[in-house]
Amino acid sequence: MDLTLLYRGPLSSCDYDCPYCPFAKRRDSPAQLRADRAALGRFTDWAAGQREDRLSVLFTPWGEGLVRSWYRKAMVELSHHEHVARVAIQTNLSCRTEWLAEADLETLALWCTFHPGQTPYERFLGKTRELARRGVRFSVGVVGFPDHLEQARALRKALPSEVYLWVNAAEGRTYTDEEADAWTAVDPLFPYSRHPHRSAGLPCRTGSSVVSVDGEGRVRRCHFVRGELGNLYDGSWRAALGPRACPLAVCDCHIGYVHLETLPLYDVFAGGILERIPATPPHEMPHEIRTSPPAG
């Protein structure tokens, strides 16, 4: 089967100090880092040894993974396995890029977030140009705070037209229509992020073809539903896979609602679900695709 794994180990340290992030400038102890490295190594070994499934892997660390050598190594290693369709990671792109020369760029992809105030605009833009020069698949995005808008506009203008620039609605923020229109001019798919999506009782691919895995191997349907399906390493999770409705009232995170079967996002992001790259440039999509359903 085609199986998507969202992996989040114990790493919770980051080199940035974003005021909207609870993990800003948090430092893991040497023991915590060793535990994270061991957990990632175990997961990578498991994924590398699989032959039952065609895997797609998205690393979603609470902290910044690519400043740690073991995440770079895992990305490179998994990219070379024929049964791994995609390996991607969410990153602030503060790491060096030379390691990408060792990866299979047909498989590896990056989901890059620009954090104004944490890194100079020109430095981040330079990193994206390095990625483009190397032929890396990547998307770029920002969080939709008012003081991020001008740099987001500048970034959209500077990036190649084929690079998607997404905008995440700031958590807990309500946008006026005027504010939403400004962000939609940057990211035509922003309407999907503007409001939480009603999900209670609706069919979702998580728990069936998509699962979340933590550093202990505990398998859940997604990062946001705490009930366990079993453990990755003893195989107990497989018997629990199957179609099921979402038990939560709403879903407000892209890595969650992208899997809702009631939204057209598997078609929008066909071939680029994990790295958040649309199959067609958003400005070329029909208006009805670019407009999300009203919040429930």
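Mentor: A charge sits over a ring if NZ of Lys or CZ of Arg is within 6 Å of the ring centre and within 35 degrees of the ring normal. The model is predicted, so local features need pLDDT of at least 70 and side-chain atom pairs pLDDT 80 or more, while totals for chains, interfaces and linings use all residues. Residues are numbered from 1 along each chain as its sequence is written, and side-chain values use heavy atoms, without hydrogens and water.

Trainee: Over the face of which residue does Arg 205 lie?

Mentor: The distance from Arg 205 to the ring centre is 3.7 Å.

Trainee: Which class of aromatic pair do Tyr 164 and Phe 269 form?

Mentor: Rings of Phe, Tyr and Trp (its six-membered ring) pair if their centres lie within 6.5 Å; planes under 30 degrees apart are stacked, over 60 edge-to-face and the rest tilted. For Tyr 164 and Phe 269 the centres are 6.2 Å apart and the planes 55° apart. The pair is therefore tilted.

Trainee: Is Tyr 164 buried or exposed?

Mentor: Buried means under 20% relative accessible area, exposed over 50%, and partly exposed in between (1.4 Å probe, protein chains only). Tyr 164 has 5% relative accessibility, so Tyr 164 counts as buried.

Trainee: What is the relative accessible area of Phe 269?

Mentor: Phe 269 also falls in the buried class. Its relative accessible area is 2%.
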